[in-house]
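Please open the model in your viewer and keep the selection tool at hand. The stops below are meant to be taken in order.

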Amino acid sequence: MKITLKDGSVKEYEGAISAVDITKDISMGLFRNACACKVNGEVKDLRAIVDADCDFEVLTFDDEDGRKAFNHTCAHVLAQAVKRLYPEVKLTIGPAIDNGFFYDFDCGDKPFSAEDLEKLEAEMKNIIKENPDIERFELEPAEAIKLMEERGEPYKVELINEHADKGEPISFYKQAEFTELCAGPHIMDMKVIKAFKLTNTTGAYWRGDSNNKMLCRVYGIAFPKASMLEEHLTQLEEAKKRDHNKLGRELELFTTVDYIGQGLPIMLPKGAKIIQLLQRWVEDEEARRGWQLTKTPYMAKSDLYKISGHWDHYQDGMFVMGDPEKDKEVFALRPMTCPFQYQAYLNKPRSYRDLPLRYDETSTLFRNEASGEMHGLIRVRQFTISEGHLMCRPDQLEDEFRRCLDLCEYMLKTLGLYEDVSFRFSQWDPNDRAKYIGTEEQWDEAQGVMKNILDDLGIDYKIGVGEAAFYGPKLDIQIKNVFGKEDTLITIQIDQMLAEKFGMEYVDSDGQKKNPYIIHRTSIGCYERTLALLIEKYAGAFPTWMAPVQVKLLPIADRHLDYIYEVKAKLEAEGIRCEVDDRSEKIGFKIRAAQLEKVPYMIIAGDKDIENATISVRSRHGGELGAMSAEDFLAKLNEEIETKALNI
């Protein structure tokens, strides 16, 4: 049996062998750091048996999948500690996440407190010190259900029942007295968990459904070195300082009001100005690239959504007005714009010469997100998006996809966010057929086309099975907030199904009627989410071109006010956004106030400036720039704005 390692070298074994023994054979040092492995690209537990030729890779904490195995094991330690201290608590799920792990518990009417977390941490340390063996075993579904019923774990029984009809064995992991339903993988030994911390608790509905019971979610982080935990906690403190929820309110960019509703932020003048600047820039750039602006209704009858499939596949995420069982006409606020923009295409007959046809829109959308999912401006119920839909012939698809991606990359680079994003090729899950429309052949074709395009473009992407839209695969441009939570910022989707549903056709050069391919895309994504990420990226100190106030004018004394207002008039005549601080305060106080507002430039004027017809300029990052004429300052400022410079 030949085992090909990551570096291309080959190891040979006479018969079946465990992954852990292969790892030890490679290097004992590697074994001590191993968390899991990959066999032919599939993540496996180190306890797995390898019995055929394969590609083999050892995963450590430095690898994403290795880190997930490490964190998932720590989630089990947490669950074991909970059952020791609070045996009446019911277990649900406890996955690894990008920046640690969480576990959801049914604690009845008394969720865990900060004091409870301290007790749980202490018990987790005891368990890790005991270092019980971690054993994996399998049971037939009926036996698995019986085991969990005997242990009084109804949520586990529910999960097993969902897989029982497949007839496949159900896997468990056991550590001392604690047995957990789990697919794995897990690390081999608890003693490598050198540092961990339970960070906070929050409420979470079972399966994210507000109709289900509210559970208590406990978040945690874990590391193989104490120094790594200390470094992470330091980064967390820095993240709190950059949190857009905190900074956005302090800088008076947005606010929320309880009696308006969760996920419905109020944009204050400064925040609204930034979004207006972004929107005008996006619309102008899209127009320059051949996109035509449309404006469509915010709502429609259910009939429209039934044609597109949203009514069957997305109704739970929509705000519906009326009772579908009783009312003759039922309306819903739009969760996306595509079925509306298709009507512009259908307005008249189309020829192959009309294609590609590019429609864009600054769309206000509405999605009924669960209350537990709301987060500042990143996840809201009403938002505005730079949305577009492109109809093209098959021979135009790759070039048009490339153009859409080029537009997105231009936007991200200009905003300074490109270095922070990653790419995900979101595919359908053939095991979840109810989630998708179309045939398996259609999905294979669409995903094959998209894979060829992405590979030809040299995109470094990860695959996300089950992340596709219900009508087609997509390229998701992903980004993390300051706390490490990943969200989708921009999408580009290939759709070969909805055109047929809506009867969208064109007459091809051979005289035959054909359905166009459709590309769904955003260019800057959701403006609210983008603003949140920009606040965090720049800690509120926005580049000059997008700063809501670009210049603060500070008279040293009241006698300098007339001169300051003359300078202000010159700046405003050039379109510069500026304010005068005319308070009767000392100049040092005014400078500190402008610094706290993170204004890019300050203009200070005193007797000498009036005498010499100059202004004293101070930069947010560069400090004193000295005296200069208003004209020279304007020339410098305008160049910075026109080039959308990021280097301040």
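Select asparagine 245 first: at 18% relative accessibility it counts as buried, where buried means under 20% relative accessible area, exposed over 50% and partly exposed in between, with a 1.4 Å probe and protein chains only. Asparagine 245 has its place in helix α8, residues 244–250 (helices are DSSP runs of H or I with at least four residues, strands runs of E with at least two, numbered from the N terminus). Leaving aside neighbours within four places in sequence, asparagine 245 is in contact with Phe254, His375 and Gly376, contact being heavy atoms within 4.5 Å.

This is a predicted model, in which local features need pLDDT of at least 70 and side-chain atom pairs count only at pLDDT 80 or more, while totals for chains, interfaces and linings use all residues. Residues are numbered from 1 along each chain as its sequence is written, and side-chain values use heavy atoms, with hydrogens and water left out.

Next, select helix α6 (residues 154–164), where Tyr155, Lys156, Val157, Leu159 and Ile160 are buried. Among the elements that cover these buried residues of α6 are α5 (141–150), β10 (100–106) and β12 (170–175).

Now turn to the aromatic rings. Rings of Phe, Tyr and Trp (its six-membered ring) pair if their centres lie within 6.5 Å, with planes under 30 degrees apart counted as stacked, over 60 as edge-to-face and the rest as tilted; by this rule the count comes to 19 aromatic pairs. Select phenylalanine 105 and phenylalanine 112, whose ring centres are 5.8 Å apart with planes at 75°, so the pair is edge-to-face. Phenylalanine 105 is buried, with a relative accessible area of 0%, and phenylalanine 112 is buried as well, with 7%.

Which strands hold phenylalanine 425 and tyrosine 461? The centres of these two rings are 5.6 Å apart and their planes stand at 85°, so the pair of phenylalanine 425 and tyrosine 461 is edge-to-face. The pair links distant parts of the chain, with phenylalanine 425 in strand β24 (residues 421–427) and tyrosine 461 in strand β25 (residues 461–465), 36 residues apart.

Finally, select arginine 217, which lies over the face of phenylalanine 102, at 3.8 Å from the ring centre; a charge sits over a ring if NZ of Lys or CZ of Arg is within 6 Å of the ring centre and within 35 degrees of the ring normal.
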